[in-house]
Amino acid sequence: MPVFIDKFEITDDEVHKEMQHHPAPSVEDARREASRALIIKRLLLQASADRNLVEADQIDALDDEKEELLIETLLEQIIKLPSADDVTCKRYFEQNIDRFKDKKSGETLPYPMVKAHIKAYLEDKGHQAAFNAYVDSLMDKVNIVGMA
């Protein structure tokens, strides 16, 4: 069954082709994940057109590399997050001290040794949360039919 985003159709063939990138315990789960990925990609491409990064009638002619660059450009414009500062990293370290134990000795690793890891982790989590919120806002604006 095809998936429709408003009047735009994602065909069964497109979903089946995408399923190879979404290993799952069942065919239904793989189909659902593939459908979701294609929906998100289409919504991001449409948002790129809405922000005049590409002409709407040129979206279907883009190759995979150009689509990826366009989506990266969009996300760089949309998602602005502050860097995790030392106070935030230190607080995370103190609140999650058990995560920073040496596996051999059981001793807590010193904060300076794990600071960069904590900073990267917190910034990644923040970016992921902002991305998910943005995608949810895009999904709220359209009518999606056919996604299980």
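Helix axes here are lines fitted to C-alpha atoms over the stretch in contact, and angles run from 0 to 180 degrees between N-to-C directions. This is a predicted model, where local features need pLDDT of at least 70, side-chain atom pairs count only at pLDDT 80 or more, and totals for chains, interfaces and linings use all residues. Residues are numbered from 1 along each chain as its sequence is written, and side-chain values use heavy atoms, with hydrogens and water left out.

**Stop 1: α2 and α5.** Select helix α2, residues 27–50, and helix α5, residues 111–140. Helices (H or I, at least four residues) and strands (E, at least two) are DSSP runs, numbered from the N terminus. The two helices pack at an angle of about 85°, with their axes 10 Å apart. That makes α2 roughly perpendicular to α5; the label covers 65 to 115 degrees, while under 35 counts as roughly parallel, over 145 as roughly antiparallel and the rest as oblique. Now show the side chains between them. R36, I39, I40, L43, L44 and A47 in α2 meet F131, Y134, V135, L138 and M139 in α5. Contact means heavy atoms within 4.5 Å.

**Stop 2: S48.** Stay in α2 and pick S48. Is S48 buried or exposed? S48 is buried, at a relative accessible area of 0%. Buried means under 20%, exposed over 50%, and partly exposed in between (1.4 Å probe, protein chains only). Beyond its neighbours within four places in sequence, S48 touches L53, V54, L70 and L74.

**Stop 3: α1.** Move to helix α1, residues 12–19, and colour V15, E18 and M19, which are buried. Seen down the α1 axis, its buried residues fall within an arc of 105°, so they line one face of the helix. That arc is taken from the directions between the helix axis and the C-beta atoms. Turn to the other side of α1 for D13 and K17, both exposed. The cover over the buried residues of α1 includes β2 (8–10) and α2.

**Stop 4: α4 against α5.** Select helix α4, residues 86–95. The axes of α4 and α5 come within 9 Å and cross at roughly 105°. These helices are therefore roughly perpendicular to each other. Among the α4 residues that meet α5 are Y92 and F93. On the α5 side, look for residues including Y111 and Y121.
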